[in-house]
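Please read the following note with the model open beside it.

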Amino acid sequence: MSAEDTRKVADLLKGQRFGFLTTTTPEGKLTSRPMALQEVEFDGDLWFFAEQSAPWLTHISRSPQVNVGVGSGGDWVSLTGEAVVVSDVAKKKELWNSGVEAWLPQGPEDPSVVLVKVDGDSAEYWESPGNRLATAFSFVKAKATGDQPDTGDHKKVDL
């Protein structure tokens, strides 16, 4: 992937607060949960905090391939990659913030607090032109004219 593609995905992720992390259960079913994105400079990796006792963490140890869906308004990113549970105290302290503390008051040094690192393999994004109103208008216009709506830019990129 080019630096320009990585920058584009980073721009679309910037300012996003939550994503849906999808894992595979031992029975082979996909399951998702909302997770708070930790604000770091995007280089292909995403970081999340979790509790060591969260049952879904076992999904990662059995099947590390995951997907993270992020979006709002008309911009969406679907990132696939491999997840790993990280218990590095220095990294937890680096990413720690008041939002995390509200969910995990035991603090970054507590072993019950872990990080989930998603090492992105590829991302797919959709970027709608303008705002929600422009996107909605595009769909209404398409319905009236029989044309395809202008859904903006869509690209799949390797990370």
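This is a predicted model: local features need pLDDT of at least 70, side-chain atom pairs count only at pLDDT 80 or more; totals for chains, interfaces and linings use all residues.

1. Helix 1 supplies the largest share of the lining of the second largest pocket, namely five residues. Helices (H or I, at least four residues) and strands (E, at least two) are DSSP runs, numbered from the N terminus. The pocket holds about 370 Å³ of space. Its lining has 17 residues, and those closest to its centre are Ala10, Leu13, Lys14, Val40 and Phe42. Helix 1 and strand 3 are the elements that give two or more residues to this lining.

2. Residues are numbered from 1 along each chain as its sequence is written, and side-chain values use heavy atoms, with hydrogens and water left out.

3. On a 1 Å grid over the protein atoms alone, a pocket is an open set of points where a 1.4 Å probe fits, with protein on both sides within 12 Å along at least five of seven lines; lining residues have an atom within 4 Å of a point. Grid points are joined across faces, edges and corners, and the volume is the space filled by probe spheres set on the points.

4. What kinds of residue line the second largest pocket? Seven are nonpolar, four are polar and six are charged. In this count Ala, Val, Leu, Ile, Met, Phe, Trp, Tyr, Cys and Pro are nonpolar, Asp, Glu, Lys and Arg are charged, and the others, Gly among them, are polar.

5. The largest pocket contains about 600 Å³ of space. Of its 18 lining residues, Phe18, Met35, Ala36, Gln38 and Trp103 are the closest to the centre. At least two lining residues come from each of strand 2, strand 3 and helix 4 (98-103). The lining comprises twelve nonpolar, three polar and three charged residues.

6. Val40, one of the residues closest to the centre of the second largest pocket, is found in the loop between strand 2 (30-36) and strand 3 (45-51). Is Val40 buried, partly exposed or exposed? Val40 counts as partly exposed because its relative accessibility is 30%; buried means under 20% relative accessible area, exposed over 50%, and partly exposed in between (1.4 Å probe, protein chains only). Apart from neighbours within four places in sequence, Val40 is in contact (heavy atoms within 4.5 Å) with Trp47 and Leu95. The C-alpha atoms of Val40 and Glu94 are 9.7 Å apart in space, although 54 residues separate the two in sequence.

7. The structure has four salt bridges, a salt bridge being a side-chain nitrogen of Lys or Arg within 4 Å of a carboxyl oxygen of Asp or Glu. One of them joins the side chains of Lys8 and Glu127 (2.6 Å, N to O). Lys8 lies in helix 1 (residues 3-13) and Glu127 in strand 6 (residues 113-127), so this pair ties together parts that are 119 residues apart in sequence. Lys8 is partly exposed, at 22% relative accessible area.

8. Asp45 forms a salt bridge with Lys117, with 3.8 Å between the closest N and O atoms. Asp45 belongs to strand 3 and Lys117 to strand 6, so the pair ties together parts that are 72 residues apart in sequence. Asp45 is buried, with a relative accessible area of 12%, whereas Lys117 is partly exposed at 25%.

9. Lys91 and Glu94 also meet in a salt bridge through their side chains (3.2 Å, N to O). Both lie in helix 3 (residues 89-95), three residues apart, about one turn of the helix. Glu94 is exposed, with a relative accessible area of 54%.

10. The largest nonpolar core has 27 residues, of which Val9, Leu46, Phe48, Trp56, Leu57, Val116 and Val118 touch the most other members. Such a core is a set of buried Ala, Val, Leu, Ile, Met, Phe, Trp, Tyr and Cys residues joined through side-chain atoms within 4.5 Å. Strand 6 gives the most to this core, with five residues.
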